[in-house]
Every structure is written in C-alpha cells, then in structure tokens.
Amino acid sequence: MSWTTRRCSKSLRIWADVVYDDLCTGTRYFDELVDEQISDPMEALVEHYVRRTVCPCKTEGRKRTRHLVRLFKESHARGIILLQQKFCDPHLWDHPLMKMQMDKEGIPLQLIEYEQPIGHLDVIKNRVQSFIEMLGG
Amino acid sequence: MAFTAAKKNFETSKEIGLYIRKYWQDIYRAREEGKKICWVTGLAPMELLIAADIVPVLPENYNAFCAAKQMGPELCEEAEARGYSMDVCSYGRLHLGTMFSGKGVYGALPEPDFLFCTRNVCSTHSKWWSAAAAHLGKPLFTLDVPQVGKQVEPHQAKYFVSQVKEFLKYCGSVTGREVTENRLMEVLERSARFGDIWNEIKEYRKRVPCPISSSDIFGNMFLAVTMPGSQIAVDLIGKLRDEVAEKVKHNQGVIPHEKFRLMWDNIAIWYNLGLMNYLEDRGAVSTIETYTCFTGWGERLDLRKGPYDSLVHKYMSGYLNIDLAVKIDLMKKIVDDFKINGVLLFSNRSCKSYSIGQYDIKAALEKKGVPSLIFEADMVDSRVYSEATIKNRLDTFLEIL
C-alpha cells in the first residue's frame, strides 16, 4: 500500500471501514489462486496472469467494471471510492462508462483525484466525509 | 489569438487539399454503396483493410481536420461534458465529442461496422478505442505490438504476423469475401511504390537549401496516413516529387535565404500550422519532422520478404515504438543527415508517449552541440496554447542560433 493510500485509509477510518481494495499494489496480487488443475505449471501461471483483471492499462474497461461490481457485492460494501492518481490516463478513460454502469447498478461511486506529493489531505478528507454522509454514515 | 493555416508552396499541395474533400465525400457515401466501414487508429496497417475492401476511417485524421478549422475546443468540451477528463488525449476527446454531438467539419463520422486498434503508438489508443466501441456497442479488434529495441526480434515479428493473419481472416468474415494473398500483394506493391517516392522526397529535404518544409509536408502526409496502397496516393505523391525535383534542379529553397535548418519533433499543432511560416519569415526552415518521416508512415516495404513479413519493419520499428536509447541514436543521425542547426521539441500535453523522453533527447543533443527548445502546447486543443509565450520562446531560440 502506498504512502498516500495509507494516509487516506487512515483518515477514512474515522467514518468508515475500508473492507476491500483493488489497488494497483494491493489485494489484487493475492486474491485469486492459480488453477492447480492445469497439469503444466507454466501453463497454469500464464493462464492466471492472462485472465486476471488488473490495471486499466491492461484490462478492457467493461471487464474491470464487472470485476468491481462483483467485489463490491461480495464484500457487502456500501460505496466505492476511486482514487485517481493525476495523469494515470487509463483510469480516466474508463471512468465515464464505469460511472454510468455503477449508476445503473445503484452503486455509489466517488472519484477522488490526487497528486503526488499529496499536498493538503484536508481536501480529500472533506470529499470522503461528504461521500460517506451521502451514504447515510 | 490569431491562428493561421500554413501557406503552401507547391501546386500539388493544393491539389492534395482539393482531393481531401473528395476523400471525405467518398467516406460518407461508403455506407450507401454497401461497403463495410472500420474506425482505425493511426499507424495501424491500413493496407490490410484496403486489401479487404473495407473503408478505413481515421478519426485522428478527421480530428486534425476539425482542429485546423478551429473546432478543437468546442468538440473537446462535448466529451468533457460527458465525464472525459481534460487530462486525457485531446484526439480522443475531440473524436468522442464528434460522436456524442454530431458536430464536426462534416458532422460525426459515419458509424463503423467494427473498430481496429494497434498498440504500436500508445496505450491511449486501446483505451480510447475500447471506450468508443463500448459506446457504440460495436466489435473491436486489437492488434498488440510489443515495443522493440535496436531491431525487431524474431519472436516479436512472429507474434505480429500471426495477428495480421488472424485480422485478415476476421476482415474476410466481416465482408464475406476471403482476402487472397494476390490481392494483398497488389495493394502492398502500391504501398511500396508510395514509400519509395515518399523517401525520395525525404532525401531531397537533406539538400541545402531545403526544397520543401513542414508547411507543405504536414498537410501532404495525409496521403501516407490515410491511403497507402491506393493508386491515387501514388499518383499525387509522384506529382509532388516531380515538383520538388524541379526546385532542386534550380537550387530553389523554401525561402530565399535559409539561415537555420530546424527539426520538428512531435505531432503538428494543427490549429496553427501558420507557425511554420512564422519561422520562415525569420529565416528558419522546419526541414524535417520525426512525425511524418520516422514513425512508420510512408516507410519502405521490402516485398521480397513476403506480404506479411514486409509489414513488420514499417509497423513495428517506428519512432513511437522503439526504446528511448534507440530513439536518441536516431535523433542524432537525423540531425547529421539533414544538417540541422536546432531542434524544436514540442512537448505535447496530449501525447505523453511522444513527449516522454524529450528532456533526455535534449541532453543528448546538447552533448553533441546541437541546441534544442522544449515548449508546451497541445495538438488540437488550442485552449492550452499560449501564443505570446511560444512566440517569445521561439524568438529567443532563433536569436541564440
């Protein structure tokens, strides 16, 4: 977990719990198992890495949206915060259609953009707080 | 701000300009004529679509056209209003803007039957194409191209060729007609002829004084981009070559007294190509561009390698798909070959894949004793163009030279 994310989730804890994450360097690395039914280990690994839903840079937007909807439902979350690191364009390309789909599914999705270094954390805190209030927290 | 189009110095350039109108009319008529339409990314192997009798439509080319008609900001805003951030590529925004609003020089582009994207330029292409495909609910074929180093490795070429063959089969399934090797060869032969002539013109540009500059080439590259493999492209570029040869014969340059020879790096600033004339008025000629002559467009094809492998060099080892170290070596070579006095490194807000590494290039050129200038703007979104700052910087740079 990056320094920024650690600081964000630390401040988030005041109002809500982060029950799951799909960060570029987070749970994604170990939340799916390699299929041991495939006899050739190399094949099994390749299959695992090719099929995974990873960063938007390497995953089609609609596939990733489906993945997030599934994670959302499985983890009984009430909302999704999309942390957008400025200039990480693949995320920005996916966002409008993802937002549309989430709205259809009735899933609250909040985009929060930040820069490195993060500067004033209060701005982010403020947005998170409003989002959580919207969720009725 | 007064944006201007470039003053053209060649009769053939004007003829190409007129042809562009007919080209777009044909595209808007294609559907009525029962032809299949494909939206295709820049630097995708167009020859394959032409061989398959599918009409390739290049949103990027249309974007440049709309921007030249000063419609860039308005169309980008249409996409921004639907959630597309100002930080993403303005080509993408402008194109989606035409799609959402139906606005543009000729309105929205005709809807495609499918979309085709290659990954030999940037990761933006695949995100933008998948967004467009999702909005339209149309199929998307992506041809993955790995980045290459000094040369294309055999396993990389094999990977590329296998996808080319798969794509041709896919095209056959769309039209219901198989694309034969003979038909493909026929198109490739014309593309190869075009490449030879385009390279002849490029060779002429090494001459002092330079016979043809960016003022004409940025517009004329239309042929290399949109229709390699068509007879009309071969005919028009042949005419241009003859005109350039004539100038060379009489030792005529773009301007009477050529003081500085410049190289332009990055995409053109489409809404203000008049900037080239601004330089020329001050004795500086933009002699060569990485964009028009080294990215793959107008590249030669070695047909002895066979139809599929002949495409490998053109579409895999272009300037935007090679390692930085190879790029730097290439830049140094261009500077020598074209006797360049200074390099204009246009840092394009929209094209990160093109602009990244420009500071390393600048440092390498400096070591070689060649000055360069980095300035920031955008290729189609004129809202981030600062006229006074850029002209100031260009003036200072010319003074240093």
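Which hand does the crossing of helix 14 of chain B and helix 16 of chain B have, left or right? The first legend takes that up; keep in mind that this is a predicted model.

**View 1. Helix 14 of chain B crosses helix 16 of chain B in a right-handed way.** Residues 324–337 make up helix 14 and residues 358–367 make up helix 16, and the two pack at about 45 degrees with their axes 10 Å apart. That angle makes helix 14 of chain B oblique to helix 16 of chain B. On the helix 14 side you'll find Leu324(B), Ile328(B), Met331(B), Lys332(B) and Val335(B), and they meet Asp360(B), Ile361(B), Ala364(B) and Leu365(B) of helix 16. Sorted by class, this contact has seven nonpolar residues, two charged ones and no polar ones.

**View 2. Helix 3 of chain B packs against helix 5 of chain B at about 90 degrees.** Here residues 59–68 (helix 3) and 90–101 (helix 5) have axes 9 Å apart. The two helices are therefore roughly perpendicular to each other. Helix 3 brings Pro59(B), Glu60(B), Asn63(B) and Cys66(B), while helix 5 answers with Tyr91(B), Leu94(B) and His95(B).

**View 3. Chain A meets chain B through 14 residues of chain A and 13 of chain B.** On the chain A side, the elements giving two or more residues are helix 3 (61–74) and helix 4 (89–105). Helix 4 of chain A supplies the largest share, eight residues. Class by class, the chain A side has seven nonpolar, five charged and two polar residues.

Notes
Residues are numbered from 1 along each chain as its sequence is written. Chains are lettered from A and ligands numbered from 1 in the order in which they are written. This is a predicted model: local features need pLDDT of at least 70, side-chain atom pairs count only at pLDDT 80 or more; totals for chains, interfaces and linings use all residues. Two residues are in contact if their C-beta atoms, placed from the backbone, lie within 7 Å. Helices (H or I, at least four residues) and strands (E, at least two) are DSSP runs, numbered from the N terminus. Ala, Val, Leu, Ile, Met, Phe, Trp, Tyr, Cys and Pro count as nonpolar, Asp, Glu, Lys and Arg as charged, and the others, Gly among them, as polar. Axes are lines fitted to C-alpha atoms, for helices over the stretch in contact, and angles run from 0 to 180 degrees between N-to-C directions. Angles under 35 degrees count as roughly parallel, over 145 as roughly antiparallel, 65 to 115 as roughly perpendicular and the rest as oblique. A crossing is left-handed if the near helix is turned anticlockwise from the far one by less than a right angle, and right-handed if clockwise.
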